[in-house]
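Please find below a short note on the structure under review.

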There are 4 protein chains.
Amino acid sequence: MHADLIANRVAGATLATVFDVVTESAAEMANRHGVRVSASVDDVLAGDIDAVAICTSTDTHAELITRAAQAGVPTFCEKPVSLDLPTVDAALAAVELAGTLLQIGFNRRFDRAHQLVQQAATSGELGDLFVVKITSRDTACPPLAYLERSGGMFLDMTIHDFDMARYVTGSEVIDVFACGAVLGDPAIGEIGDIDTAALTLRHASGCLTLIDNSRHAGYGYDQRVEAFGSRGIASSENPVVHSAVRRDPTGHRGAVMFDSFIDRYIESFVRQWEAFVNAVFTGGPSPASGADARAPLVIGIAANESMTKRVPVAIA
Amino acid sequence: MHADLIANRVAGATLATVFDVVTESAAEMANRHGVRVSASVDDVLAGDIDAVAICTSTDTHAELITRAAQAGVPTFCEKPVSLDLPTVDAALAAVELAGTLLQIGFNRRFDRAHQLVQQAATSGELGDLFVVKITSRDTACPPLAYLERSGGMFLDMTIHDFDMARYVTGSEVIDVFACGAVLGDPAIGEIGDIDTAALTLRHASGCLTLIDNSRHAGYGYDQRVEAFGSRGIASSENPVVHSAVRRDPTGHRGAVMFDSFIDRYIESFVRQWEAFVNAVFTGGPSPASGADARAPLVIGIAANESMTKRVPVAIA
Amino acid sequence: MHADLIANRVAGATLATVFDVVTESAAEMANRHGVRVSASVDDVLAGDIDAVAICTSTDTHAELITRAAQAGVPTFCEKPVSLDLPTVDAALAAVELAGTLLQIGFNRRFDRAHQLVQQAATSGELGDLFVVKITSRDTACPPLAYLERSGGMFLDMTIHDFDMARYVTGSEVIDVFACGAVLGDPAIGEIGDIDTAALTLRHASGCLTLIDNSRHAGYGYDQRVEAFGSRGIASSENPVVHSAVRRDPTGHRGAVMFDSFIDRYIESFVRQWEAFVNAVFTGGPSPASGADARAPLVIGIAANESMTKRVPVAIA
Amino acid sequence: MHADLIANRVAGATLATVFDVVTESAAEMANRHGVRVSASVDDVLAGDIDAVAICTSTDTHAELITRAAQAGVPTFCEKPVSLDLPTVDAALAAVELAGTLLQIGFNRRFDRAHQLVQQAATSGELGDLFVVKITSRDTACPPLAYLERSGGMFLDMTIHDFDMARYVTGSEVIDVFACGAVLGDPAIGEIGDIDTAALTLRHASGCLTLIDNSRHAGYGYDQRVEAFGSRGIASSENPVVHSAVRRDPTGHRGAVMFDSFIDRYIESFVRQWEAFVNAVFTGGPSPASGADARAPLVIGIAANESMTKRVPVAIA
């Protein structure tokens with residue numbers, strides 16, 4: 001998806017080369033877009049490129065970020081950097097040493113509706129921020145095999161919401177209380193994970209954030225953010241797949257929501273790439289930096305502790 | 001309904017007495033509200049009252065308006081004054097001679113949503129007014145016996161929309177093209193009436209008004225007004241009976257609209273009475289005057305001619 | 001308000017008599033509705049009445065409930081019975097002994113939209129219930145003098161949401177975690193209360209309820225309930241004061257929400273009385289019983305403990 | 001736009017070659033998508049292609065359709081075929097003789113929301129169809145130089161609505177009454193055109209269609225279709241550019257509508273191409289045939305006559 005977007009829909013970007021350990025995938029992608037296949041990561045980093053996009057499996061992110069930084073190449077990397085905090089810190093240290101750009105794939109920051117909520121919340125339009133509410137529910141649960149390696153709901157799924165909480169409030173989280181449950185599928189409990197969660201975050205600013213998550217929102221991929229302050233509220237509602245409505249004696253009917261993050265967030269991915277291109281060529285700050293990658297991981301680790309101990313846990 | 005509203009819900013108003021040719025009805029109403037029954041219309045008009053409300057059958061309106069005017073009593077009268085233009089003119093002449101207040105029951109002028117459309121349209125907020133669209137559809141057709149005496153769709157039903165067109169635009173209608181059809185029930189055609197209509201009005205200001213009507217809107221009592229000008233649009237949508245919504249994998253479902261004018265417009269009736277009370281005690285102008293009663297009748301008569309001759313008909 | 005509703009808008013009910021320690025108020029009310037003033041509570045209870053409505057100050061509720069029960073009179077009482085649990089228990093014991101009807105004024109149970117959410121949640125339409133979300137925010141903070149005697153936010157305001165959580169889920173609460181803050185007005189903190197809260201409830205069924213409260217929702221009286229289950233969601237949105245909308249090059253604008261509970265919930269008060277009348281004359285169960293009055297108080301007391309100790313507190 | 005869509009977003013389609021009388025444009029397009037430039041129309045039609053897309057200026061459409069038909073090549077052509085009816089007929093005769101596929105670019109037929117309205121209207125879901133309402137307003141008026149060659153509002157703009165009226169009702173138009181006005185810009189009147197219109201169509205089925213048009217909808221590109229029948233209504237509302245909303249004490253604010261047909265209808269263009277690809281490879285019927293191209297032109301010519309003569313004009 002990312003290669004196609006870069007090649008076709010991102011103004012100012014051109015796909016230069018592709019590398020994949022699955023060589024057939026690399027060949028197909030290169031052929032589709034008329035670019036060459038690189039023989040190795042080194043080959044990519046040594047090429048005539050302005051930036052690199054790391055869209056590999058999670059366990060390779062930290063090393064690839066480090067190598068790109070050492071090569072002085074501006075880097076986009078899918079989240080998470082790693083589920084292991086020291087590994088994250090080592091990679092971020094390499095980036096800091098090199099002084100290169102690093103942008104993490106928190107694409108929801110580039111969703112136009114969430115952005116407007118953030119702007120209303122941080123610009124003073126909403127006055128003093130009191131409460132943020134984030135609902136994030138997946139249409140269908142991923143396979144158990146995926147979940148077993150995912151780090152658990154808070155590091156795999158809620159991590160986006162922790163990022164959103166920091167993004168919308170502009171304030172760090174000071175403690176978290178997390179309550180988890182297995183309500184939709186006992187098999188998830190058997191592998192030690194949860195499928196339903198309710199969390200309360202307190203921010204340094206005093207603002208409270210409530211998050212609720214589910215793996216089983218059969219009615220659609222549900223992603224809402226609401227910011228409430230002394231002057232009003234701003235919220236991002238769920239877009240629906242078409243704008244037709246019907247009325248009959250039983251009431252009003254309208255469209256379903258999108259059922260996958262790709263359909264829901266495709267515009268945000270394009271805007272994410274546009275923001276990256278802009279940061280690369282203007283030398284501007286990263287709109288989703290290494291620090292932004294690290295903080296939600298720390299909150300997620302604390303949330304796991306909170307759920308286990310049944311107490312709020314402070315963020316170091 | 002009117003007596004109950006006056007007695008219970010209209011600030012500044014008190015029910016003083018009631019008269020009804022059906023003496024049982026008068027007695028019941030008087031008893032319910034602890035007031036006396038008047039023996040005659042003269043008795044009512046000679047009593048210690050500030051104003052009179054005429055809510056009788058249509059064929060008595062003109063005479064009662066005339067008698068109230070001659071008695072110098074501010075008068076509210078349900079629409080229409082009469083279906084016969086000379087009769088209307090005679091009653092209005094009596095009112096003009098007496099210099100009394102006359103307010104006609106065009107309650108939709110007091111619906112809060114329609115009022116906001118009118119204010120947007122006439123205050124300059126919408127800029128130059130281009131197009132007004134009025135949809136007015138009844139949930140269920142009245143009995144044929146009623147329709148036979150109603151004067152036909154344009155004088156019975158569309159007359160409210162002609163009033164709304166004048167009210168919202170603040171501009172007189174100069175011609176009308178009317179297209180009628182019998183689509184829902186052939187019996188309506190057999191008595192010489194129609195159940196579906198589309199009309200185009202041209203206003204002195206240049207603005208065009210499109211009206212569509214139906215007697216068979218099974219999905220609910222549908223009343224919408226939209227005003228479109230150089231700076232934007234304002235529209236009144238249909239309220240629904242509750243604010244609950246549901247989502248499942250088939251989409252979104254919401255409430256039905258109201259199915260009767262009483263439920264839809266109850267607040268407008270209260271506001272109509274409040275406006276009347278205000279006009280009585282301040283001596284202010286009527287918010288729905290005799291001229292406002294006459295003009296829609298003239299348009300309706302022209303609409304009937306247009307439908308028959310299949311040409312636009314100018315309003316004298 | 002209650003007397004006016006009973007006298008004018010509740011089918012099947014008639015106002016028989018009034019008593020008020022402020023005799024002028026009683027006289028005015030009696031005069032307005034053409035009924036006699038009772039000389040005492042005993043006089044009321046000994047009269048020819050089918051039921052009594054206790055709408056006095058909170059500190060008199062328990063005693064009056066007890067006396068009505070002892071007189072064998074079906075009783076409606078405004079919430080709360082008392083802020084003191086033993087006092088509540090004594091009153092409820094008197095009711096149980098007498099076998100009389102007791103209905104507590106949790107009017108939100110009679111809001112049509114909340115009712116539809118409850119029906120969807122408890123009828124199986126939503127499948128297994130996963131998460132309930134309740135937002136309850138007041139437009140403006142009551143006077144400090146009121147707050148000082150109110151028992152604090154959880155007993156004064158959130159108590160309605162505790163009731164709603166039980167009502168919508170049909171499941172008892174087993175523990176509560178409460179997080180409170182003073183974000184809108186430091187004076188509220190100075191009297192030992194809070195103005196902002198986030199709570200997580202766990203139900204016996206496994207369902208999680210998230211509640212957020214504020215005393216400072218300047219944009220309107222905000223009352224929303226959402227129930228999410230394996231088959232979909234049902235939610236009650238906020239009604240708005242009119243149905244007009246406007247569009248211009250800056251976007252879309254619509255009406256404000258209601259700003260007071262009376263305007264927002266007036267229909268629910270009528271329906272509450274209708275339900276009471278029905279229970280009185282059919283001998284049916286109370287739709288908001290003494291047990292329903294007691295349980296939210298117990299949760300509120302636990303919530304206060306949770307907020308203080310910063311741990312979840314189990315409900316006995 | 002069409003070449004980019006075909007190359008990048010239409011499943012089953014590949015761009016084979018391009019030809020443009022402006023050779024630089026052809027070269028740039030060919031280069032961008034890695035295809036060769038054809039030297040002439042003959043060169044294109046003689047090539048190894050499955051179909052041809054005619055996206056040239058209107059005055060070339062009829063001749064190119066004819067040549068493609070004679071070459072036996074399935075053809076997509078932008079609307080209109082021609083503003084001259086005999087020219088249209090000659091081209092359609094060539095297509096009929098050749099038995100080739102011809103699909104006209106009425107992209108709105110492929111808008112998902114309009115399609116759902118059409119399906120509801122023609123499947124019986126809405127029962128007997130009574131009234132269709134079509135609103136079609138451009139955000140900003142094209143340059144006068146364009147308008148002078150456009151054939152006038154009814155052939156340039158309303159022609160889409162005439163198509164929509166036939167598409168949604170599934171019934172031919174039997175007569176039209178058209179009312180035009182110059183309300184937004186006198187310069188449009190000076191070149192003999194109008195900028196505002198209201199039309200009433202009668203269909204063979206009895207259904208009435210009301211159309212309103214404007215060249216000056218500064219609030220956004222406004223495209224709505226509503227179908228009303230004995231069992232309910234279906235309507236396509238305007239999508240908006242994002243799903244964020246705000247509330248403050250002045251009310252509710254939401255997003256603007258799209259301001260151009262490209263943004264509003266981009267998905268419909270992709271779906272139009274997918275339908276064409278499907279028709280080419282399955283040999284299925286054209287979803288927007290030559291007859292569908294001819295009928296709206298005939299209605300448009302009648303509408304011009306109606307506006308001039310101020311009478312309804314029958315469709316031959």
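**Note on the interface of chain A and chain C**

1. In this predicted model, 8 residue pairs are counted in polar contact between chain A and chain C, with both residues at pLDDT 80 or more. On the side of chain A that touches chain C, the elements giving two or more residues are β6 (129-137), β7 (173-181), β8 (196-203), β9 (208-214), β10 (222-229) and β11 (232-236) of chain A. The largest share of that side, 6 residues, belongs to β6(A).

2. By residue class, the side of chain A that touches chain C comprises 18 nonpolar, 8 polar and 9 charged residues.

3. The contact involves 35 residues of chain A and 35 residues of chain C. Between them the two chains, A and C, bury about 3,000 Å², and 68% of this lies on carbon and sulfur atoms. Within chain A, the residues that lose the most area to chain C are F130(A), L183(A) and R310(A), which together account for 18% of what that side buries.

4. The rule finds 8 salt bridges across the interface of chain A and chain C. A salt bridge joins the side chains of R137(A) and E226(C), at 2.9 Å from N to O.

5. A separate point concerns H160(C), which is located in helix α9 (residues 158-169) of chain C. Is H160(C) buried or exposed? H160(C) has a relative accessible area of 10% and is therefore buried, the cut-off being under 20%. Leaving aside residues up to four places away in sequence, H160(C) touches K79(C), G105(C), F106(C), N107(C) and R108(C).

Notes. Residues are numbered from 1 along each chain as its sequence is written. Chains are lettered from A and ligands numbered from 1 in the order in which they are written. This is a predicted model: local features need pLDDT of at least 70, side-chain atom pairs count only at pLDDT 80 or more; totals for chains, interfaces and linings use all residues. Side-chain values use heavy atoms; hydrogens and water are left out. Contact means heavy atoms within 4.5 Å. Buried area is the accessible area (1.4 Å probe) that two parts lose on being put together, summed over both. A salt bridge is a side-chain nitrogen of Lys or Arg within 4 Å of a carboxyl oxygen of Asp or Glu. A polar contact is a pair of N or O atoms within 3.5 Å; within protein, one must be able to donate a hydrogen and the other to accept it, and residues adjacent in sequence count only if both atoms are side-chain atoms. Helices (H or I, at least four residues) and strands (E, at least two) are DSSP runs, numbered from the N terminus. Ala, Val, Leu, Ile, Met, Phe, Trp, Tyr, Cys and Pro count as nonpolar, Asp, Glu, Lys and Arg as charged, and the others, Gly among them, as polar. Buried means under 20% relative accessible area, exposed over 50%, partly exposed in between (1.4 Å probe, protein chains only).
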